[in-house]
Amino acid sequence: MSGATRKHTALPKARILIEALPWLTRHQGKTVVIKFGGNAMVDEDLKAAFAQDVVFLHHAGLRPVVVHGGGPQISAQLDRHGLVSEFKAGLRVTTDEAMDVVRMVLAGQVQRELVGLLNEHGPIAVGITGEDAHTINATKHMPVIDGEPVDIGRVGEVTRIDTGAVEALLKDGRIPVISSIARAEDDGHVYNVNADTAAAALAAALGAETLMVLTDVEGLYENWPLSDEVISRLSATELEKLLPDLSSGMVPKMEGCLFAVRNGVNTARVIDGRVPHSILLEIFTDEGIGTMVLPDGRAASTTERE
Ligand SMILES: Nc1ncnc2c1ncn2[C@@H]1O[C@H](COP(=O)(O)OP(=O)(O)O)[C@@H](O)[C@H]1O
Ligand SMILES: CC(=O)N[C@@H](CCC(=O)OP(=O)(O)O)C(=O)O
């Protein structure tokens, strides 16, 4: 058989790679902030697949930045210390004692594990917390509940992001992995920041192309919990109208997506982190697998998925 007619069994694989070419070309050198939620970190295979996806994006010429949560892991550790977990307005009521546990779990456990998984592929990931090099700065956050500001302890409201350390790591060809702990601008201690909020603030400050939020549901459900119809795309204004009806963990998540697209990020996506390789699926599937939020102008003018 001549070379020209020989059947190459790897041809479908080559086609799949070529299908991704337009997306990869468009995203060369672009920053993608990926938030990995504690609820999506449920099993070892999923975590390893997440790390592979992030390393793939890195080698494909994008600049991934990982921001991680760890809500369930913090709750489990608090429980071991005999401390109860209470949430108000979707945020953990964080006493001084609980803050030590939050910091230990996020920076000493969850972040270390993710950095370890990424570094199985080479010396590329570096973990920091928002405290490092004043990356995430915050003051005390008092959510307004039933018209009254409520004291929920050491929970921070992000005031300012200093992108210096993250930019330096990206420039050095590394993948920054950031824990959502902030430096307190008002009293010199630290604050617990919801990881969705931290990821959105970082995405905006970095001028990221995309904010990708991995969670434990398929996306934003319309009329949840009565229906599991996923809203596949919506504009900033459409999302803003839905915000008052959202509950629990979806509140900081969707507020974060709205903040990101209103502050220069081109798309914010909520995707199902329980699906293996959800990041690559979201990118390389025409219709996407989750919910995509677009800035108002672009939502009206774009018909295809980005
Ligand atoms: N409209 C909605 N669509 C989807 N999930 C919702 C909605 N409203 C509330 N939720 C809840 O939000 C949860 C996701 O937030 P959260 O538990 O904080 O996840 P993560 O740890 O990934 O940040 C879902 O598991 C679901 O219970
Ligand atoms: C203030 C606040 O609520 N902080 C969160 C930080 C971790 C987080 O956000 O983790 P997930 O993304 O897994 O929910 C907490 O203490 O649970």
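Trainee: Pro 64 first. Buried or exposed?

Mentor: Keep in mind that this is a predicted model. Pro 64 has a relative accessibility of 1%. The cut-off for buried is under 20%, so Pro 64 counts as buried.

Trainee: Which strand is Pro 64 in?

Mentor: Strand β2, which covers residues 63-68.

Trainee: And how far is the C-alpha atom of Pro 64 from that of Arg 174?

Mentor: 8.9 Å. Along the chain, the two residues are 110 residues apart.

Trainee: OK, ligand time. Where does ligand 1 sit?

Mentor: In the largest pocket. Two elements each give two or more residues to the shell around ligand 1: β13 (210-215) and α9 (250-262).

Trainee: How many residues surround ligand 1?

Mentor: 19. The closest are Asn 39, Thr 215, Asp 216, Tyr 221 and Lys 253.

Trainee: What's the split by class in that shell?

Mentor: 7 nonpolar, 8 polar and 4 charged residues.

Trainee: Now the polar side. What does Lys 253 do with ligand 1?

Mentor: An N or O atom in the Lys 253 side chain is 2.6 Å from an oxygen atom of ligand 1. For Asp 216, a polar side-chain atom lies 2.8 Å from a ligand 1 oxygen atom. With Asn 39, the distance from a polar side-chain atom to an oxygen atom of ligand 1 is 3.0 Å.

Trainee: What share of the area of ligand 1 does the protein bury?

Mentor: 84% of the 580 Å² that ligand 1 exposes when taken alone.

Terms used
Residues are numbered from 1 along each chain as its sequence is written. Chains are lettered from A and ligands numbered from 1 in the order in which they are written. This is a predicted model: local features need pLDDT of at least 70, side-chain atom pairs count only at pLDDT 80 or more; totals for chains, interfaces and linings use all residues. Side-chain values use heavy atoms; hydrogens and water are left out. A residue is near a molecule or strand if one of its heavy atoms lies within 4 Å of it. A polar contact is a pair of N or O atoms within 3.5 Å; within protein, one must be able to donate a hydrogen and the other to accept it, and residues adjacent in sequence count only if both atoms are side-chain atoms. Accessible areas come from the Shrake-Rupley method with a 1.4 Å probe; for residues, only the protein chains shown count as cover. On a 1 Å grid over the protein atoms alone, a cavity is a set of points where a 1.4 Å probe fits but cannot get out, and a pocket is an open set with protein on both sides within 12 Å along at least five of seven lines; lining residues have an atom within 4 Å of a point. A molecule sits in a cavity or pocket if more than half of its atoms lie within 2 Å of its grid points. Helices (H or I, at least four residues) and strands (E, at least two) are DSSP runs, numbered from the N terminus. Ala, Val, Leu, Ile, Met, Phe, Trp, Tyr, Cys and Pro count as nonpolar, Asp, Glu, Lys and Arg as charged, and the others, Gly among them, as polar. Buried means under 20% relative accessible area, exposed over 50%, partly exposed in between (1.4 Å probe, protein chains only).
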